[in-house]
Amino acid sequence: MKRVFIVAGWMLVATVAAAPRIPGADAEILERLAFRRSDPAAQELRALRRAHLAAPGDAAAAARLARRYFELASAEGDPRYIGYAEAALRPWPGADAPTEVLLVRALLRQYRHAFPPALEDLARVIERDPANREAMFWRAALYLVGADYDRARAECARMEPVASRLTVLACKSAADSVTGGARAAYDALAALMAAEPPRDPEFRVWVVTRLGEMAQRSGDDARAERHFREALEGSKALGAADPFVLAAYADLLLDLGRAREVLELLRGRERSDILLVRLALAQAATGDAGAAASARALRDRFEDAARRGDRLHLQEESRCLLALQKDPKRALEAARENWKTQREPRDARVLMEAALAAGDAAAARDALDWMARTGYEEPRYRALAERLRGGAK
Amino acid sequence: MLVAGAARAHKPSDSYLSIAVDGARIEGQWDIALRDLEYAIGLDADGNGEITWGELRAKHDAIAAYALARLALRAGKPDCALKATGHLFDEHSDGGYAVLRFAADCGGDPGALEARYGLFFDLDPQHRGLARFTAGGATQTAIFSPERPTHRVELVAPSALATLLQYGREGVWHIWIGFDHVLFLLSLLLPAVLVLRRESGARSWASVGRARDAFWGVLKVVTAFTVAHSITLSAAALGWVSLPSRLVESVIAASVVLAALNNVRPLVGEGRWMVAFGFGLVHGFGFASVLADLGLPDEALLLALLGFNVGVELGQLAIVCVFLPVAYAVRETSIYRHWVLRGGSVAIAVLAALWFVERAFDVRIFG
């Protein structure tokens, strides 16, 4: 009897705690910030912010501050920093902004999935500064997101005079590995990396991650796993595990049926939407106790985002709607909406899976066309496409 | 709803503002993220990366001053005076929020409220104010953004009668300006005062003998049309069925062509009411898109739908009541049979055919 009271009392408290309250003690901690005042990162940010506020018209100072915010947003998966960065660049809203502002603005725009405006800004940067390696690099990446492989390859070629051979080859390989040449691209890139190892550790992590992706595309899961683990170790050594690598490795583990390892891999990473998605999928697959709460949290986050008019993570939303909420129809709607802005391999996969589950093979036509056009090799994708074509009337 | 220790999300900055109006009493509650307040005015007094209740309490006046200076409510000329009435704490999916309760003095009973929101837009253009206004049991929501910093909220919910009349008026208006609908109906009604005769293999029109027969024929056609478009208008307005508008508009135009041509080359006589029903279903989707543009109020959805429907019927009825006596009176004349019935129908068919081309192939003929 006493146990029932305790449980009931706890539930009552828990429900009441959801409404506004007056905390009991002055010492109660209400919020943990990203930094302490004395943290070097916080000090650096303060200095940059002070420099910017002292001279709001100084484009270089504004761009430096905005870029720092962008780096934080990427590392933490925290979009609030993008808003702060945009505020710093506000004095230059047009196409005639200074080059350094345009470049950072492009990065901010692509973060928010505004790919065409980002490409416009990058085009202007490259026009003014044809040797701007970073702009070309990003432009190639954005062309890949849009499945514009010819332009991507052209951009990689344009980098040749100003970038290392490894950079150029990594760029080209990214395009080649999606268009039917995954094995050859992998071999070439791996060989060059062995011959000319990158000095920049961050760049090294990036190349190794690309190798992992290419191995996966050519159907070599074991090799892919080795590379993802290597990239993960590399990024941890630099400060923190890269969210993108975590997501890619988690996806591989999920495909290999090793969901339990995903639980361990992503422990404590629930703040980032894209990582919580993978964690929730793993929890659902293993019957973990936290599965229901994670699914609910994700549903709330997607609803919050829709409420404020931001549906940036449609790919993840589609996966959740399909695997967690068991709603193939809405998953398909999200996947189709997603395809309008991004067309990377996984976007095609999400569309195919949703269409298959919803029994609407015709809806996946864009993805099937993409498969045919590119000759994408990854075995799981081919199997999906076969099932869709087989069922099509 | 979070229990301590549960994961918090990363998301862009939002604040949650709810304003309740009860006569002259206006009360607000504004949930503002501690993280955002830290960025704007600083809360972490000892710089240890944690915000405690004590640190937050010390800043309550500053928070009230900062926030209320960036919110303006107006129900007339001078802005309403805003006064903080309480400070609490709550948690949302991305962390802790300061809950600011306030009262607004707008000097009397406001019929409408204009709200201007400017919190954090200078620091974070991605910040959004998610607002909810409650008055007389009805709730309206609004999102404040740098692009949309002002919203106007009607507080007095219109009475049921007012809603019916408002949407009824729209219904009448939209059938009168809906030339394609009117012409479809008229095409089916033109022969109502006549009767289809088969004489020596050829079909032709002759006068209807009794007014009652004309009236009965009109009633069948109009009723069939009305029932059909009411069904699909309601289904579409309630979101149960949805058809692509280009298809709908093209079929509507085609229906007018066919109905008009039927008067020139009679294929359907007594069965015109079935044509009215069948195509009426498609016409209903056309009305639904008009209604969607007008917007249906969430809290009086069915009432508005009913009002619109009734308005469309009354508008139709008015047209028929004007048309029928005149047509009956002149049914014998050759002007009616040749110029109006045949000539008019041909003209209608041509016009509708041009509409069809415009709508089906997405071109502009009528500038």
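This is a predicted model: local features need pLDDT of at least 70, side-chain atom pairs count only at pLDDT 80 or more; totals for chains, interfaces and linings use all residues.
Mentor: Local features need pLDDT of at least 70, side-chain atom pairs count only at pLDDT 80 or more, and totals for chains, interfaces and linings use all residues. Residues are numbered from 1 along each chain, with chains lettered from A and ligands numbered from 1 in the order written.

Trainee: Why are α8(A) and α9(A) called roughly antiparallel?

Mentor: Their axes cross at roughly 165° and come within 9 Å. Angles over 145 degrees count as roughly antiparallel. Therefore α8(A) and α9(A) are roughly antiparallel to each other.

Trainee: Which residues of α8(A) and α9(A) make the contact?

Mentor: On α8(A), A:Tyr149, A:Ala152, A:Arg153 and A:Cys156. On α9(A), A:Val168, A:Cys171, A:Lys172, A:Ala175 and A:Val178. Contact means C-beta atoms, placed from the backbone, within 7 Å.

Trainee: What makes A:Arg36 partly exposed?

Mentor: A:Arg36 has 15 other C-beta atoms within 10 Å. Buried needs 20 or more, exposed 12 or fewer, and partly exposed is in between. So A:Arg36 is partly exposed. This residue lies in the loop between β1 (29-32) and α2 (40-54) of chain A. Beyond its neighbours within four places in sequence, A:Arg36 contacts A:Ala42, B:Gly47, B:Asn48 and B:Gly49.

Trainee: How do you know that β7 and β10 of chain B pair?

Mentor: Pairing takes at least two DSSP bridges between two strands. Here 5 bridges join β7 (residues 112-117) to β10(B), and the strands run antiparallel. B:Ala115 has B:His151 as its bridge partner in β10(B).

Trainee: What makes β4 and β10 of chain B edge strands?

Mentor: The sheet is open, in the order β4-β7-β10. β4 (71-74) and β10 (150-154) each pair on one side only.

Conventions: Axes are lines fitted to C-alpha atoms, for helices over the stretch in contact, and angles run from 0 to 180 degrees between N-to-C directions. Helices (H or I, at least four residues) and strands (E, at least two) are DSSP runs, numbered from the N terminus. Angles under 35 degrees count as roughly parallel, over 145 as roughly antiparallel, 65 to 115 as roughly perpendicular and the rest as oblique. Two residues are in contact if their C-beta atoms, placed from the backbone, lie within 7 Å.
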